Amino acid sequence: MDLQDYISWGIIGPGQLPIGDIDWTDAYTTFRATRNAHYKAIGEWYASANITEEDEFYTIDSYNEWDRNRYIFSPGDGSPGVAEVMWESLIGKSLTQEQYDDYILALSNMMESLKVLFMVVDRDPFTEYTPPPDGTDGFKTVWYVKDGGRVRLPLPNDKPPDFILNYNFTVYWGDGTSNTITSYSDSNTTHTYTTGGFYTVTIVGVCEGWAFSFFDENWSNLQQVLSWGDPTLFTGFKLLNFYGANNLTSLPDGSDGYGTSIPAAGGGCNNFNYTFYNCLNLTSIPYNLFDNHVNSQVFSQTFYGCYNLTSIPTDLFKYNTLVESFENTFSYCYGLLSVPSGLFDYNILVIDFNSTFFNCYGLTSIPSGLFNNNTSVTNFNYTFYNCYGLTSIPSGLFNNNTAVTNFYYTFYNCNQLTSIPSGLFDTNTSVTDFINTFSNCYGLTSIPMDLFKYNTQARYFTNSFESCYGLTSIPTGLFDTNTIATDFSNTFYNCYGLTSIPMDLFKYNTQARYFNYTFFNCYGLTSIPTGLFDTNTIATDFGYTFLNCYGLTSIPTDLFKYNTAVNNFAGIFCACTGLTSIPTGLFDTNTLVTNFTQTFQSCTGLTSIPTGLFDTNINVQYFSQTFLNCNGLTSIPSGLFNNNTLVNNFSQAFQSCTGLTSIPTGLFDTNTLVTNFYVTFAGCSQITSIPSGLFDYNTQVTDFGYVFQNCTGLTSIPSGLFDNNINVRYFNSSFQGCTNLLSIPTGLFNNNTAVINFNNTFFDCIQLTSIPSGLFDTNTSVTNFSNTFYNNGLTSIPTELFRYNLNALDFNGTFAECKNIELNEFIFYTSGEESTRFAGKNMIFVNCFWRNSFGGTIGTAPDLWNCTFNSVSSGSCFGGAGNDFTSISNYGTIPTGWK
């Protein structure tokens with residue numbers, strides 16, 4: 001008998017090979033009964049063929065069967081395969097041309113129909129593979145491992161007494177070895193393969209649990225589930241998941257005669273949570289996959305991340321009548337093109353459709369009546385989130401879901417929707433939440449007038465239509481029946497297509513508390529209706545309500561007259577550049593307000609602030625950025641903050657108000673709790689003077705950073721300006737860029753003993769020619785003098801200027817680009833202190849005296865290079881073209897590392 005005879009044995013199928021003649025109906029049984037004899041016959045041929053070992057060799061592999069040792073072939077008509085054939089007789093050997101041609105001739109017709117691929121492998125199955133004994137058609141999976149790789153059976157622990165998983169099975173590892181397993185913790189549940197490759201692992205017996213854990217080592221090794229097994233040899237599952245098996249390509253197709261349904265042990269799986277989570281190479285779902293598990297109650301994240309799935313079988317959940325949750329079931333299955341009609345028809349107990357089709361952006365439509373039978377559902381949160389392929393919503397989609405309470409993010413970013421069906425929520429009378437329901441649905445052009453008419457329990461309309469910028473109008477009476485609604489924050493956020501607001505839009509929402517960001521970036525609006533918020537008497541938050549509504553030209557005088565409970569007006573008119581005035585008494589009745597941060601920031605059209613604007617707002621704590629960049633303002637009313645005795649923050653309050661020419665005397669006299677004047681007048685380039693005693697009563701201040709930065713009109717600093725600010729810690733950049741400042745008062749910082757930072761304080765004060773002696777003598781806590789006098793007009797430096805600043809470590813660029821300065825040797829210490837001044841410290845002197853040119857009197861550099869340090873960064877300390885023998889008398893003694 002030659003090889004062709006052995007190969008033809010058992011391979012016959014209708015129209016497949018013109019070799020041999022075996023009755024089709026009996027072939028499979030016949031072959032199984034004689035399988036071992038068949039292997040032996042091929043082995044005998046192999047032994048007598050006189051094939052020699054060489055470096056190159058041939059073998060054959062199938063595109064649809066990963067097991068190297070045996071292959072089941074179908075005739076192409078959906079019938080089961082009729083034989084298992086041993087290919088590896090040739091592995092690792094070379095044939096003569098005649099032998100090879102005979103072999104290929106015998107197989108070519110079969111390979112043509114099966115699209116068989118040629119592969120090069122390097123193992124001899126006769127030494128590694130022993131076929132399982134007859135009758136072992138168990139649960140079969142295919143794994144790929146590298147040389148020395150492991151397969152660990154993912155057996156979960158049971159949780160008695162409520163949940164017991166039984167294990168009593170034999171596992172055949174596919175390499176000729178097997179083990180008996182009786183416990184999830186059995187050491188033999190992990191198997192190591194000497195040689196890498198694809199292996200079929202067969203389980204026969206009782207194995208009721210199979211569940212990959214998070215970050216399982218086996219995630220990527222599992223390739224296929226070949227068979228659920230002969231029910232007489234494998235009992236099925238109570239718990240099953242293939243979590244994270246990202247190389248799993250297929251599930252049983254039933255060609256082995258054992259069906260496509262997952263077998264159930266006992267009552268079967270009570271949930272299918274995470275079953276195929278992130279099995280991203282799975283391309284199809286058998287239609288009856290879950291039929292045997294009638295007690296399953298939850299399908300949470302079952303196919304999450306299976307983005308190669310393109311369809312869902314119609315009756316997939318037909319027999320799972322006890323299901324209560326489909327949370328995230330198909331999330332991130334963005335390859336899905338449609339949802340079958342009737343998918344959930346038999347799941348009448350479902351209460352949760354949270355995120356069911358989350359991010360399924362391949363979907364283009366929703367079947368009419370999809371949820372008709374799910375009368376108990378309470379939750380449609382995120383159900384079609386980011387399904388931006390959807391073009392319409394069926395009328396009556398939720399008609400039978402009368403128990404639903406939540407439509408949170410239901411159609412978020414379904415941006416191809418152009419309309420909302422009238423009456424969509426009419427029967428959902430228990431709904432409390434419409435948060436982000438249509439957020440980012442920018443294809444919508446209108447809102448049905450009575451959309452929320454029957455949702456009388458609705459409390460939250462937060463972000464409901466955020467970024468629906470295709471909308472041009474809001475229906476009158478849209479919220480008339482939603483009388484207990486409390487939250488309208490962000491409701492029309494970024495709806496810049498809107499041109500008007502209905503006068504009585506919130507008239508009946510007397511319980512509303514939150515209007516923050518409600519019309520943010522609605523720059524198409526040109527006016528605010530008088531009385532818009534008149535009935536919202538318990539509203540507390542108007543933060544950023546009209547932010548960037550730059551089309552607005554005026555504010556109604558009594559807009560907030562009846563909102564006596566409000567505590568937040570932060571940013572409410574920020575960037576409303578079209579506004580030209582603020583009504584007198586605008587905030588008179590809002591006595592509980594604590595926050596005016598950014599209230600009129602960048603309102604560049606404003607030219608004045610009404611006297612007494614904040615007189616009644618006695619609880620205010622924040623005025624940070626209130627008028628920032630209001631460059632049209634020309635003055636600040638005297639006593640503007642007189643009654644705001646609780647305020648603690650004026651940071652950036654008037655920054656870049658370039659039209660201001662003066663600061664009222666006593667502006668902050670009553671604000672004794674203020675801690676922050678950071679950047680308060682920075683960029684106010686037309687202010688020419690600072691009132692004496694401006695900060696006298698602000699004894700709690702800790703931060704004057706950038707306070708007068710770029711106030712280019714200033715020529716002087718009042719003596720004693722900071723005398724009472726004994727808690728201040730930051731003077732960084734306080735007068736940076738004050739290019740017309742002529743002098744620094746003696747003792748300016750004498751009382752500021754807590755200060756730690758003078759970084760950039762007088763940076764670019766190009767008119768300064770001198771520094772008062774002892775300027776920093778009392779500032780012993782300072783750590784940073786970097787760039788303090790960068791690019792000044794200084795001609796000299798007082799001796800011992802930094803002698804007492806023993807905590808200062810950073811002098812990077814302190815006098816850099818001071819082109820006219822005459823150096824002296826005792827700037828940091830006096831004679832004899834060279835060895836102690838910096839001992840044990842890590843100092844920075846990089847660029848300290850660097851200058852590109854010189855035009856002053858020659859001086860003597862402090863001999864820092866002779867001092868003792870723990871470490872020092874000295875690069876370019878005396879560098880630049882302006883430092884040489886003409887500017888520094890001892891230049892020749894300065895080491896290279898300091899130049």
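These questions and answers take up the terms used for this predicted model and the values behind them.

Q: What makes a local feature or a side-chain atom pair count in this model?
A: The model is predicted, so confidence sets the limits: local features need pLDDT of at least 70, side-chain atom pairs count only at pLDDT 80 or more, and totals for chains, interfaces and linings use all residues. Residues are numbered from 1 along each chain as its sequence is written, and side-chain values use heavy atoms, with hydrogens and water left out.

Q: How many helices and strands does the chain have, and what makes a run count as one?
A: Helices are DSSP runs of H or I with at least four residues; strands are runs of E with at least two; both are numbered from the N terminus. By that rule the chain has four helices and 17 strands.

Q: What is the phi of Gln 301?
A: Phi of Gln 301 is positive, about 55°, although the residue is not a glycine. Most residues other than glycine have a negative phi. Ser 656 also has a positive phi, near 60°, and is not a glycine.

Q: What makes a set of residues a nonpolar core, and which members of the largest one touch the most others?
A: A core joins buried Ala, Val, Leu, Ile, Met, Phe, Trp, Tyr and Cys residues through side-chain atoms within 4.5 Å. The largest has 221 residues, and Phe 573 and Phe 654 touch the most other members. Elements giving two or more residues to this core include strand 7 (139-145), strand 9 (167-172), strand 12 (197-207) and strand 14 (222-227). Strand 12 gives the largest share, four residues. A second, separate core has six residues, among them Phe 520, Tyr 544, Leu 547 and Ala 570. In soluble globular proteins, nonpolar side chains tend to be buried together.

Q: Which residues is Phe 573 in contact with?
A: Contact means heavy atoms within 4.5 Å. Leaving aside neighbours within four places in sequence, the partners of Phe 573 include Ile 528, Phe 546, Leu 559, Phe 560, Phe 600 and Cys 603. In the chain, 85% of contacts between residues at least 6 apart in sequence join residues at least 24 apart.

Q: Why is strand 7 called largely enclosed?
A: Six of its seven residues are buried, so strand 7 is largely enclosed by the rest of the structure. Strand 12 is mostly covered, with 10 of its 11 residues buried.

Q: How do you know that strand 7 and strand 12 pair?
A: Two strands pair if DSSP finds at least two bridges between them. Seven bridges join strand 7 to strand 12, and the two run antiparallel. Trp 143 stands opposite Tyr 199, and Lys 140 has Thr 202 as its bridge partner.

Q: Which bridges tie strand 9 to strand 12 and strand 7 to strand 14?
A: Strand 9 pairs with strand 12 over six antiparallel bridges, with Thr 170 partnered by Val 204. Strand 7 pairs with strand 14 over four, also antiparallel, and Val 142 stands opposite Gln 224.

Q: What makes Leu 322, Ile 348 and Leu 349 a nonpolar patch?
A: Patch residues have over 30% relative accessible area and no salt bridge; nonpolar side chains (Val, Leu, Ile, Met, Phe, Trp, Tyr) are joined within 5 Å, like charges within 9 Å. A salt bridge puts a side-chain nitrogen of Lys or Arg within 4 Å of a carboxyl oxygen of Asp or Glu. Leu 322, Ile 348 and Leu 349 together have about 230 Å² of accessible area, computed by the Shrake-Rupley method with a 1.4 Å probe, only the protein chains shown counting as cover for residues. Ile 348 has 45% relative accessible area, so it is partly exposed.

Notes
Buried means under 20% relative accessible area, exposed over 50%, partly exposed in between (1.4 Å probe, protein chains only).
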